[in-house]
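Visitor: Please take me through one part of this model at close range. I would like the aromatic side chains and their surroundings.

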Amino acid sequence: MKEKDLEYSINTKYTMLPTECNLLTGCPKINSSFLVLLVNEIMAYSQRHVENATELEGRLKSLGNSIGIRALELMALRERHNRRYIDRIALLSFVSNQFWKWFFGKPADSLEKNVENANEYMIWESCPSYCKYLSVPKDFGDFTVASLTAGILESILTCSNQVT
C-alpha cells in the first residue's frame, strides 16, 4: 500500500457501519443469513476445541450466557425498556414476545407451562431461524444448537434474579 493511500484511509471518516447507526438508535435490521453464518462459525470454532457433545453443549451455553447479558442490556438501552419484572410469568412473557422478536426477528411460537412440574415453563419455537442450515456430526447423537439459546435465556433469567 502506498503512503498516499494509507494517509487517505486514515484521514477519511468512512466506516463499515451505516451512518445512522449508533448505540441508542441501533442499526438497520441485520439479515438472518448473517445470524446463520455467525452461529455456524461459533459451532465450527467450538467443535475444534471439544471432545464430545457434553463439552460442546457447555461451551455453547457459556457463549450464550455472554451474549444474553449484553443483548439484554443493549435492548434495555435502545428500547428504553426500564421495567423490572418481579413475576416470573411476566418476565417469561416479555422474553418470549418482545426480546425474542428483537433478537431473532420474530416472537417465539408459544410459552407453555410444563404439565409435570408446576415451576417449569417452555418457550417453544418450531423452527429456530439459525438452526435451519446447521449440521452436527453424527457422533454427537441428537445434539442441537439450541444450547446457545438456552444460555441466552439463562443469563436473562439470572440477571432478573429468577433462576432458582
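Guide: Start with Phe103. Its relative accessibility is 25%, so Phe103 counts as partly exposed. That value lies between the cut-offs of 20% for buried and 50% for exposed. Keep in mind that this is a predicted model.

Phe103 has a ring partner, Trp102. Their ring centres are 6.5 Å apart. The planes meet at 40°, so this pair is tilted.

Now take Trp100 and Phe104. Both sit in helix 4, which covers residues 88-104. They are four residues apart, about one turn of the helix. Trp100 has a relative accessibility of 4%, so Trp100 counts as buried. Phe104 comes out at 12%, and therefore counts as buried too. Across the whole structure, a search finds five aromatic pairs. In the pair of Trp100 and Phe104, the ring centres lie 4.9 Å apart and the planes stand at 45°, so this pair is tilted.

Phe99, Trp100, Trp102, Phe103 and Phe104 make up one aromatic cluster.

Next, the neighbour. Helix 3 spans residues 53-79, and its axis comes within 11 Å of the axis of helix 4. The two axes cross at roughly 85°. Helix 3 is therefore roughly perpendicular to helix 4. The range for that label is 65 to 115 degrees.

Which residues meet where helix 3 and helix 4 are in contact? On helix 3 they are Ile67, Ala71, Leu72, Leu74, Met75, Arg78 and Glu79. On helix 4 they are Phe94, Gln98, Phe99, Trp102 and Phe103.

Helix 5 runs over residues 147-159, which is 13 residues. At 1.5 Å a residue, helix 5 should span 18 Å, and its end C-alpha atoms are 18 Å apart, so the two agree. Buried residues in helix 5 include Leu148, Ile152, Leu153 and Ile156. Ser147, Thr149, Gly151 and Ser155 are buried there as well. After helix 5 comes Asn161, with a positive phi near 60°.

Last, confidence. The chain averages a pLDDT of 76, and 78% of the residues score at least 70. Over residues 4-19, pLDDT stays under 50. For that stretch the model has three contacts beyond four places in sequence. Where pLDDT is low, predicted coordinates should not be read in detail.

Definitions and conventions. Residues numbered from 1 in each chain as written. Predicted model: local features only at pLDDT ≥ 70, side-chain atom pairs only at ≥ 80, totals over all residues. Heavy atoms only, no water. Helix = DSSP H or I, 4+ residues; strand = E, 2+ residues; numbered from the N terminus. Expected span 1.5 Å × (residues − 1). Buried < 20%, exposed > 50% of the residue type's maximum accessible area, 1.4 Å probe, protein only. pLDDT = per-residue confidence, 0-100. Contact = heavy atoms within 4.5 Å. Phe/Tyr/Trp six-rings, centres within 6.5 Å; stacked < 30°, edge-to-face > 60°. Axes fitted to C-alpha atoms, helices over the stretch in contact; angles between N-to-C directions. Parallel < 35°, antiparallel > 145°, perpendicular 65-115°, else oblique.
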